[in-house]
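Open your viewer and get ready to click through the chain one selection at a time. At each stop you will read what to select and what you can find there.

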Amino acid sequence: MNFALTEEQTAIFDMAYGFGQEHIAPHAQTWEKAGMIPKELWPDLAVLGFGALYVSEDMGGTGLSRLDATLVFEALSMACPSVAAFLSIHNMCAKMLESFASDVLKHRVLPDVLAMHTVLSYCLTEPGSGSDAAALKTRADCTNEGYVVNGTKAFISGGGYSDAYVCMVRTGEDGPKGISTLYIEDGTKGLSFGALEDKMGWRSQPTAQVQFDNCKVSAENLVGEEGKGFEYAMAGLDGGRLNIAACSLGAAQMALTNTLTYMGERKAFGRSIDQFQGLQFRLADMEIELQAARTFLRQAAWKLDTGAPDATKFCAMAKKFVTEAGSKVVDQCLQLHGGYGYLADYGIEKLVRDLRVHQILEGTNEIMRMIVARQLLAARWGCPCPVCGWKIDFGNPVPLRPDWALISSCDAIMAQDGNAVIPPHRWWCGWHAAGAAGTGRGNAVIPPHRWWLANPEAISRYAVKTLWYPGHAMRCRP
Ligand SMILES: Cc1cc2nc3c(=O)[nH]c(=O)nc-3n(C[C@H](O)[C@H](O)[C@H](O)COP(=O)(O)OP(=O)(O)OC[C@H]3O[C@@H](n4cnc5c(N)ncnc54)[C@H](O)[C@@H]3O)c2cc1C
């Protein structure tokens, strides 16, 4: 096991750090006051390859690993987490386009996306649905002339500022399978924006509602296949969570570094305040937290890069841990600056405000806990069946994918007694074969010793996704 960064990774970090300190940090407060990041910044970042960090080199991207990308976001956040986080959203959308868009769409839009002449926003949240994103209502009706979109997206970073919007819209039934993704360019007729949101932090990037009023979008702008939009939207989230955690880490590290300097200069009771042991202990605690956060984040990124079965769980854990550690550290740094920490001049209060939202977006930290808890509960099924003593074996354990984890209320749950409880709208799909005691109205309760009776094919194709996975049908063995 080797925890050291390679020479190339160190160079990537240094390049991002150098750019951030020269071109972003000196302006971060001005841009915050203006509520706008100058558009000219983005092509300069793209020259360094930061407009397409993990788009493959074949497609003209930089082809970095997720771990490499966290280094970029950690380093840029040392200049301004609001700018760095905005770049993360663009990169998430760019990767979605590379992975799922048709060749025609890719060839049309990707070159400008990679060069950041086209800046992208990600539109999933709506006024009535955030964590429960699959409940979105914005409709796109298919006509002979393409799609007609109606509805509203809320909290969109870059709303009214970006050049194109990667939008999750409903083209079919309720739930995740009725969702598709459309690429909608600024200037499209029927596309408009709400007033700028007045926010606590991330004030340099505009946030607004994105509204569609009979907005006509060419069928060519469908990303991938109809009905797969939710899957696409979730596909980038593990990486997005790592990036947002990296943004917390970099900003908190900068706050700690500046606090160390400040404490050597600030005097109280005839000594510099770094001579008080109580305060030294606080410094030590912050260092420990940030080093732990960094190690955890990089481990999660490595798991994602290597396709580890528990990568999603680790990305969720790292996002929760690092964003909370980051907020705690910047708050402590503000305290150690005394009254000066509360003034804008020292830049610490901005970090306290900027980092707070990292616990809310890319899936709230409650949702992160939900993902982790689900996997813990699912793993518990490895215990022997209480009736016949057979052991349930999932073959290779496969992690919950974020989209599966998010369809919370409609999925099967594992009861304390070892029974699988399947809600009625799920259990029609062949559960009779499994000996389910379902009435068609209430939950179907499947005792563990009957699970093995089910046709594994049926399970892998139809069963509740949070429990079983395609190609990994459950089986019992004596
Ligand atoms: C500054 C900012 C920028 C944003 N940018 C974007 C963007 O660019 N694109 C985009 O699509 N969205 C964006 N968002 C939206 C963001 O992703 C959502 O705010 C977030 O997903 C939470 O959704 P919500 O606000 O509707 O909260 P809700 O889902 O209403 O949650 C409210 C509270 O209930 C908790 N909760 C909900 N469900 C559960 C559960 N099952 N178990 C336990 N607790 C639960 C939540 O954790 C939270 O504490 C942005 C938000 C902000 C503030």
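Predicted model: local features only at pLDDT ≥ 70, side-chain atom pairs only at ≥ 80, totals over all residues.

Now colour by secondary structure, and you can look for 16 helices and 15 strands. How much of the chain is buried? Of its 478 residues, 47% are buried.

**Stop 1: helix 1 and helix 4**

Select residues 7-24 for helix 1 and residues 66-77 for helix 4. The two helices pack with their axes 8 Å apart, at an angle of about 25°. Angles under 35 degrees count as roughly parallel, and helix 1 and helix 4 are therefore roughly parallel to each other. Helix 1 makes a right-handed crossing as it passes helix 4.

Next, show the side chains where these helices meet. On helix 1, pick Gln 9, Ile 12, Phe 13, Ala 16, Tyr 17, Gly 20 and Ile 24. Their partners on helix 4 are Asp 68, Leu 71, Val 72, Ala 75 and Leu 76. Sorted by class, this contact of helix 1 with helix 4 holds nine nonpolar residues, two polar ones and one charged one.

**Stop 2: helix 5 and helix 6**

Move on to residues 81-100, which form helix 5, and residues 103-114, which form helix 6. Here the packing angle is about 155°, and the axes are 11 Å apart. That makes helix 5 roughly antiparallel to helix 6, since angles over 145 degrees are counted that way. Which hand does the crossing of helix 5 and helix 6 have? Helix 5 passes helix 6 in a left-handed crossing.

To see the contact itself, select Ala 94, Leu 97 and Glu 98 in helix 5.

**Stop 3: helix 10**

Finally, select residues 311-336, the 26 residues of helix 10. From its first C-alpha to its last, helix 10 reaches 37 Å, close to the 38 Å expected at 1.5 Å a residue. Is helix 10 mostly covered or mostly uncovered? Helix 10 is mostly covered, with 21 of its 26 residues buried. Before you leave, click on Gly 338, which follows helix 10 and has a positive phi, near 60°.

Definitions and conventions: Residues numbered from 1 in each chain as written. Axes fitted to C-alpha atoms, helices over the stretch in contact; angles between N-to-C directions. Helix = DSSP H or I, 4+ residues; strand = E, 2+ residues; numbered from the N terminus. Parallel < 35°, antiparallel > 145°, perpendicular 65-115°, else oblique. Left-handed = near helix turned anticlockwise from the far one by under 90°. Contact = placed C-beta atoms within 7 Å. Nonpolar A, V, L, I, M, F, W, Y, C, P; charged D, E, K, R; others polar. Expected span 1.5 Å × (residues − 1). Buried ≥ 20, exposed ≤ 12 C-beta atoms within 10 Å, placed from the backbone.
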